[in-house]
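Please look at the model below with its ligand in view, and keep the sequence at hand while you read the report.

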Amino acid sequence: MIRDLVHGFYGRVREDRTLGPIFDRVIGDHWDSHLAKLCDFWSSVMLATGRFQGRPMQAHNRIADIRPEHFGRWLALFGETAREVCPREAAALFVERATMIGRSLELGLAVSRGELPPLRRPA
Ligand code: HEM
């Protein structure tokens, strides 16, 4: 299910007018390894397999032209794909996790770009 979701989702991303050019530029000829990495990511998130060893915050930080509206588009395509590929409850769980992770990536990007103050930690 994870494989079908990840491959189906990035197929849509590549065809998308807004997201496609960003992904194609950054990923270039490395789609096979990107897809394998994202299958490991979702396996770790949903099944706690620990297969993913990456640094999502740093990976997104390197992409200077990601904008807040890209997160909405990303999540819309992800949700559409999840609802086609997965049973209803599983789709809802994927979307919930993606929304939470997307929100923290978006916040982290805004902080590292100086658009938001860093979160305060309790003294
Ligand atoms: C909204 C939720 C999102 C999730 C859950 C997510 C998840 C991920 C993960 C896990 C990786 C692999 C990171 C690593 O190599 O350590 C990744 C890479 C990447 N993401 Fe996202 N992402 C999201 C949103 C976006 C958006 C909005 C964009 C662009 C508009 C984007 C563009 C990319 C690109 C281009 C890479 C490859 C980076 C590289 O290989 O250097 N992502 N994403």
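## The iron atom and its donor

The iron atom of the ligand has a single donor from the protein, the NE2 atom of His60, which is 2.0 Å away; donors are N, O and S atoms within 2.8 Å of the metal (3.2 Å for Na, K and Ca), and because water is not among the atoms, sites may look incomplete. His60 lies in helix H4, residues 56-61, where helices are DSSP runs of H or I with at least four residues, numbered from the N terminus.

This is a predicted model, in which local features need pLDDT of at least 70 and side-chain atom pairs count only at pLDDT 80 or more, while totals for chains, interfaces and linings use all residues. Residues are numbered from 1 along each chain as its sequence is written, and side-chain values use heavy atoms, with hydrogens and water left out.

## The shell around the ligand

The ligand is surrounded by 22 residues, and the closest are Phe23, Lys37, Arg55, His60 and Trp74; a residue is counted here if one of its heavy atoms lies within 4 Å of the ligand. Helix H3 (31-47) gives the most to this shell, with 4 residues.

Notes: Helices (H or I, at least four residues) and strands (E, at least two) are DSSP runs, numbered from the N terminus.
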